[in-house]
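Please look at the sequence and the 3D structure below.

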Amino acid sequence: MVDLAVLLTDLAAESAQLDALVATLPATEWEHPTPAAGWTVAHQIAHLAWTDHVSHLAATDPDAFHASVAAAPDPARLVDAGAEAFLAPPDALLNRWRDGRRTLAASLAAAPAGQKLPWYGTRMSPASMATARIMETWAHGEDVADALGVSRPATARLRHIAYLGSRTVGHSFAAHGRAVPTAPVRVELLAPTGDTWAFGPPDAGDRVTGAARDFCLLVTRRRHRADTALVADGPVADAWLDVAQAFAGPPGPAPTPRSPGDDRAGASA
């Protein structure tokens, strides 16, 4: 179990990396389209600001969180509506995101360790919530980087996303309306640091191997499996790579294989 303080430190570092990427952008670049259909760079940052806000509600006022869900006029557009509601001119949006992520970090740090926080279709510990925020920040940061034609270096923070991805095999199948398999899957990944990250039973008959970044792109639905070098051994592992999804909620549009020379991700928000 990773200490919550470590997770919050890594969340701050992941956020700072993306912050540095957008902070000096001219206003016109904030309107640049990203791989998520209909979403600009501004939408990506607004989405993170909105999600930090509702995560803070979940950590500090569960009744208010549930009320915000119940008040949504169209549950199918909850995510899009949240991003739209938090849109603002670049400077104001950047400050809103910065303030919100600091507030969230403080509320998660203050939450009792055993407390289960409400979320969309599930409940999470403060540590799981922090891990999910690292995943979302990295994934939407990839959308922004793809839109701007920038390559970001892989870091050891990917381990949090890889861990979350390896723990959501059953959720991935269920989210796509498929029967949840009972066979475990072993995941062995080459880390950016050169060592191996392993998750799942060592003797599992089904396994996924490859680079950590490829796996993280897949489980956040930022890449089609055909655009990675991941290898699946066993029927459950093979089927999983078609539906892998580390985040809560419906899967949204599937990523499409990229054309030669196309460096953009093809997936959803």
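## Helices across the sheet

Helix 7 (residues 158-166) lies across strand 3 and strand 4, and runs at about 25° to strand 4. Helices (H or I, at least four residues) and strands (E, at least two) are DSSP runs, numbered from the N terminus. Axes are lines fitted to C-alpha atoms, for helices over the stretch in contact, and angles run from 0 to 180 degrees between N-to-C directions. Contact means heavy atoms within 4.5 Å.

Helix 10 (residues 235-243) lies across strand 3, strand 5 (206-211) and strand 6, at about 50° to strand 5.

## Basis of the model

This is a predicted model, in which local features need pLDDT of at least 70 and side-chain atom pairs count only at pLDDT 80 or more, while totals for chains, interfaces and linings use all residues. Residues are numbered from 1 along each chain as its sequence is written, and side-chain values use heavy atoms, with hydrogens and water left out.

The open sheet is formed by 4 strands in the order 4-3-5-6, with mixed pairing. Two strands pair if DSSP finds at least two bridges between them. Strand 4 (196-199) and strand 6 (231-233) stand at the edges with a single partner strand each, so one side of each has no neighbour in the sheet. From one strand to the next, the twist averages 15°.

## Strand 3 and its partners

Strand 3 (residues 185-190) pairs with strand 4 in the antiparallel sense over 4 bridges. Leucine 190 has threonine 196 in strand 4 as its bridge partner, and glutamate 188 has alanine 198 in strand 4. The hairpin of strand 3 and strand 4 has 5 residues between the strands, and glycine 194 in this hairpin takes a positive phi near 100°.

With strand 5, strand 3 pairs in the parallel sense over 6 bridges. Here arginine 186 stands opposite arginine 207 in strand 5.

## A loop residue

Where is phenylalanine 86 found? Phenylalanine 86 is in the loop between helix 4 (78-85) and helix 5 (90-110). Phenylalanine 86 is buried, with a relative accessible area of 17%. Buried means under 20% relative accessible area, exposed over 50%, and partly exposed in between (1.4 Å probe, protein chains only).

Leaving aside neighbours within four places in sequence, phenylalanine 86 is in contact with Ala46, Ala49, Trp50, His53, Leu93 and Arg96. Leucine 48 is 38 residues from phenylalanine 86 along the chain, and their C-alpha atoms are separated by 9.3 Å.
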